[in-house]
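Please examine the sequence and the model shown below. The paragraphs that follow lead through the places where the chains meet and then through the chains themselves.

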Amino acid sequence: MNSLYNFAVGPLAWAAFIILAVTAVWRLWSMYTLAKQKDASSVAYMSWKFSLRSIANWLIPYKSLGWKTNPVLTAVTFVFHICFVVLVIFVTPHQILLENAFGITYPTLPTAAADALTLIVIACCCYFVYRRVTNKTVRFVTRTNDWVSLGLVAAPFVTAILGSWGVGGEIMPLLHVLTAEALIVAIPFTRLAHILFALFTRAYIGSEFGGVRHCKDW
Amino acid sequence: MNKVFTSILMVFALVLTVPVASAMAEGMPEGRMDVPELAPFKYAPAVFDHDPHNEKAGLDENCEACHHGSEDGKKVLEYDEELPCADCHTVKKQKGVTPLRRAFHLQCITCHEQQNKGPVQCKACHQPEK
Amino acid sequence: MSIQDRKIEDEGLAYGVSKLTTDKIQQTFQALIDNETGAKLKAFSESCMRCGMCAEACHFFVSHGDDPSYSPVGKVSQTMTKLLANDGKVTPDDIYGMAQIAYTECNLCRRCVHYCPIGIDVAYIMTTIRRFCHKLGVTPQYIQDTAHSHSATMNQMWVKDDEWVDSLFWQEDEAREEFPNLRIPMDKEGADFYYSVIAPEPKFRTQLIYQAAAIMNEAGCDWTMPSMPGWDNSDMCMYSGDFEMMGRLKRQHFELAQKLKVSRIVMGECGHAFRSIYDNGNRWLGWKDYPVPVVHSIEFFAELFEQGRIKLTGKIQEPVTIHDPCNIIRGYGLMDKLRYVAHQLCDNIVEMYPNREHNYCCSAGGGVINCGPPFKKVRVEGNLAKANQLKATGAKICIAPCHNCHGGLEDVIHHYDLGIELKFLGDLIYELMEKPE
Ligand code: HEM
Ligand code: HEM
Ligand code: SF4
Ligand code: SF4
């Protein structure tokens with residue numbers, strides 16, 4: 001058990017992060033070269049000003065027509081994304097692992113707060129599942145990939161909260177680390193690739209709307 | 001529609017039913033670390049009772065494995081009985097010194113890893129107080 | 001419902017599909033992906049979260065009882081997603097449905113862009129499907145006929161060269177009864193601008209040429225109309241997927257300006273023609289900017305009013321509403337100019353909501369109306385959203401500065417019995433302007 005866990009938080013974690021870094025860079029780079037090669041007539045309109053304008057406006061909840069029209073999803077997706085990022089960075093065990101490995105220190109969340117946010121994230125995932133099943137449009141377009149991605153994201157949180165409650169003893173933290181590593185490695189190859197590309201698609205459409213269409217895209 | 005998703009769920013369900021063989025409790029008494037410098041605590045103080053631990057780990061003759069000294073800011077494996085850890089390993093980060101919490105973590109976890117004995121997970125040491 | 005349950009009989013589609021094999025489809029698709037699409041399609045396809053947020057954007061979706069197969073992402077999922085997932089290996093029957101979706105159930109209006117957090121351009125994906133269907137020879141009969149006309153005559157309506165010139169002479173003659181000094185200067189070298197129209201004007205709506213001539217004359221413009229091919233600025237090839245032909249048409253349109261040595265082109269009140277020069281045609285030709293400056297009629301009229309060159313006898317007092325055509329508003333940002341001109345002409349403008357760049361499409365654009373009678377019902381019933389919008393204003397007059405919008409809104413108004421009169425800006429200016437005694 002010890003050696004498996006040591007392997008998971010040690011070499012396997014390194015491997016996961018290195019695989020993510022290499023594949024993410026490779027995916028972004030090949031997308032960039034492909035764009036230059038084949039989409040020159042679109043790349044020509046890219047603009048910092050309009051890219052940032054679009055990104056900024058879409059980061060404001062209920063600003064865009066899309067956010068306004070889907071109020072519940074908007075609330076859930078903002079909460080989900082924010083909690084995700086906050087938890088990954090600010091839960092105590094992560095900081096401790098970083099401290100042990102690299103000497104990095106920073107303030108972290110109290111355990112009760114981390115538990116609460118984790119439960120919130122799980123609730124958000126449940127809502128995503130619920131919506132995927134009950135919303136006619138979403139059901140019509142859902143593919144296996146969507147379920148896999150959602151499962152991959154939910155798993156580290158489920159195992160984290162169970163671990164925090166002491167369920168499953170030493171197995172749960174191990175499962176947590178393994179599922180988290182699966183998620184990390186899956187990012188560039190599943191629908192989670194939106195983590196890599198969404199900023200750029202937004203920037204592109206923002207530039208189109210600002211530069212060619214002279215109107216807002218939100 | 002979804003074999004992959006169902007099978008992932010199945011695996012989880014299975015794992016939860018695995019009877020958990022807890023490696024930790026055996027032979028370790030109630031004592032805990034007492035390092036007030038590290039307060040406020042997010043986790044319960046680590047389980048540690050000096051004499052039983054060292055007996056079990058065969059460290060009776062080998063104090064300097066933990067209680068090392070220092071020379072010119074470098075760690076030397078030379079027993080230094082008088083010196084409390086916190087005198088050198090300050091809680092706050094200082095250049096050239098491993099801060100206290102990291103020092104404890106590295107001290108314990110590294111050895112447990114090398115020996116492949118003793119806890120390495122957070123809660124195996126920081127067992128919640130009943 | 002899915003496209004399989006609502007196939008509509010069309011001779012063009014049926015004939016095209018009858019000649020397909022799965023192999024040919026796959027080869028054509030792979031060639032399309034290898035040669036014509038790039039990171040845009042790839043990033044859009046991979047980043048779509050299937051969140052369905054775009055559904056409410058589309059008038060087809062909201063007007064067909066929230067049928068998911070009419071949602072933007074639903075249309076993508078039945079076409080491009082399926083093709084990419086199967087590497088192009090689909091049946092000829094599948095292609096029939098894909099063509100029907102891309103040509104007749106999406107107006108390429110881009111309203112859904114305002115709803116998609118990722119920034120996915122469904123109109124681009126549908127355009128790419130059309131391109132693919134064009135390459136397979138599977139196009140609806142009516143729009144293909146206009147594309148044939150473009151290839152054979154360089155105009156959309158099989159107007160012969162002499163018929164065109166005749167129409168101009170005819171309108172000039174008629175107009176001289178009302179405006180004795182009026183001319184439609186033909187091929188006048190070095191004029192300030194040449195005025196280009198779409199071929200349906202000489203064919204069905206000649207009074208628009210009359211009115212334009214009247215306005216140009218009263219405003220004292222130094223203008224001309226060309227006698228040579230290139231006078232038609234419309235572009236159904238852009239919508240049928242025949243991009244080679246689209247490129248030729250755009251080139252001809254600009255080269256005519258260079259031949260006539262005019263300093264710019266003024267384009268009539270049409271939306272899609274404008275899209276073809278600022279968005280699609282120029283890109284195909286590799287132009288970021290135009291070789292000759294171009295303005296849309298809305299901009300041109302705004303200029304005339306700003307310079308005080310049109311004198312009006314009065315303004316319309318009744319409530320008037322404004323329909324914002326996608327291709328010049330969401331497409332080109334002319335909403336403020338349009339309002340400026342409209343307020344010059346009308347005292348009581350009642351906005352419809354949503355408006356400006358959020359406005360609903362007329363459901364005729366994107367070549368959908370040009371696919372002809374077989375698809376009319378879906379398009380008109382697919383725009384209950386617009387009918388409700390129009391009705392809510394209570395206005396009996398609606399300004400729509402676009403030919404396609406006129407066609408589409410006319411059908412909507414008729415079908416839902418709204419009793420609203422449609423006007424071009426040119427109609428109102430002509431009606432209201434001071435005329436010789
Ligand atoms: C930390 C990285 C991120 C993770 C782990 C993540 C994960 C997820 C997950 C699991 C969903 C599922 C929604 C569903 O199944 O319906 C989702 C949806 C979405 N994400 Fe992310 N995402 C991340 C970053 C981003 C970024 C940077 C953006 C945009 C710039 C973004 C935009 C979206 C959007 C638009 C949706 C769809 C709306 C929804 O269904 O909630 N995400 N994301
Ligand atoms: C990106 C994916 C990850 C997510 C979303 C995630 C999330 C979390 C959360 C929310 C907690 C705190 C639970 C609580 O206190 O309520 C936690 C704990 C923990 N995480 Fe992660 N984590 C991720 C990746 C990792 C990785 C890669 C490692 C190790 C290499 C790791 C190691 C741990 C450990 C050891 C704990 C304590 C577990 C326990 O006490 O049960 N995590 N994680
Ligand atoms: S018709 Fe307009 S809103 Fe509907 S899918 Fe096409 S571009 Fe999007
Ligand atoms: S809103 Fe965008 S990301 Fe969501 S389903 Fe529609 S196209 Fe895909």
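The contact between chain A and chain B takes 40 residues from chain A and 27 residues from chain B, where contact means heavy atoms within 4.5 Å. This is a predicted model, in which local features need pLDDT of at least 70 and side-chain atom pairs count only at pLDDT 80 or more, while totals for chains, interfaces and linings use all residues. Residues are numbered from 1 along each chain as its sequence is written, chains are lettered from A and ligands numbered from 1 in the order in which they are written, and side-chain values use heavy atoms, with hydrogens and water left out.

The size of an interface is often given as the accessible area lost when the parts come together. Chain A and chain B bury about 2,800 Å² between them, and 61% of this lies on carbon and sulfur atoms; buried area is the accessible area (1.4 Å probe) that two parts lose on being put together, summed over both. Within chain A, the residues that lose the most area to chain B are A:Asn2, A:Asn100 and A:Glu170, which together make up 21% of what that side buries.

Which residues form the salt bridge between chain A and chain B? The side chains of A:Glu99 and B:Arg101 meet in it, at 2.7 Å from N to O. A salt bridge is a side-chain nitrogen of Lys or Arg within 4 Å of a carboxyl oxygen of Asp or Glu, and the rule finds 1 across this interface. There are also 11 residue pairs in polar contact between chain A and chain B, both residues being at pLDDT 80 or more. A polar contact is a pair of N or O atoms within 3.5 Å; within protein, one must be able to donate a hydrogen and the other to accept it, and residues adjacent in sequence count only if both atoms are side-chain atoms.

On the side of chain A that touches chain B, α1, α6 (92-102), α9 (144-164) and α10 (171-186) each supply at least two residues. Helices (H or I, at least four residues) and strands (E, at least two) are DSSP runs, numbered from the N terminus. The largest share of this side, 9 residues, comes from α9(A). Its residues divide into 18 nonpolar, 19 polar and 3 charged; Ala, Val, Leu, Ile, Met, Phe, Trp, Tyr, Cys and Pro count as nonpolar, Asp, Glu, Lys and Arg as charged, and the others, Gly among them, as polar.

One residue of chain B deserves attention here. B:Gln121 lies in the loop between α4 (100-115) and α5 (122-125) of chain B. Is B:Gln121 buried or exposed? B:Gln121 is buried, with a relative accessible area of 5%; buried means under 20% relative accessible area, exposed over 50%, and partly exposed in between (1.4 Å probe, protein chains only). Leaving aside neighbours within four places in sequence, B:Gln121 is in contact with A:Tyr5, A:Glu170, A:Pro173 and A:Leu174.

The next interface joins chain A and chain C, and among the 2 pairs of chains that touch, this pair has the most contacts. Here 44 residues of chain A are in contact with 59 residues of chain C. The two chains bury about 4,200 Å² between them, 61% of it on carbon and sulfur atoms. In chain A, the most area is lost to chain C by A:Leu65, A:Phe140 and A:Arg213, together 15% of what that side buries.

Between chain A and chain C the count is 3 salt bridges. In the salt bridge of C:Glu46 with A:Arg27, the closest N and O atoms are 2.6 Å apart. Of the helices of chain A, α11(A) gives the most to the side that touches chain C, with 10 residues. The residues of that side divide into 20 nonpolar, 10 polar and 14 charged. Chain B and chain C, by contrast, do not touch, and their nearest C-alpha atoms are 16 Å apart.

Chain A itself comes to 11 helices and 0 strands. Of its 218 residues, 53% count as buried. Its C-alpha atoms fill a box of roughly 60 × 40 × 35 Å, taken along the principal axes.

In chain C, helix α16 (residues 297-306) is mostly covered, with 8 of its 10 residues buried. Among them are C:Phe300, C:Phe301 and C:Phe305. Just after α16(C), C:Gly308 takes a positive phi of about 65°.
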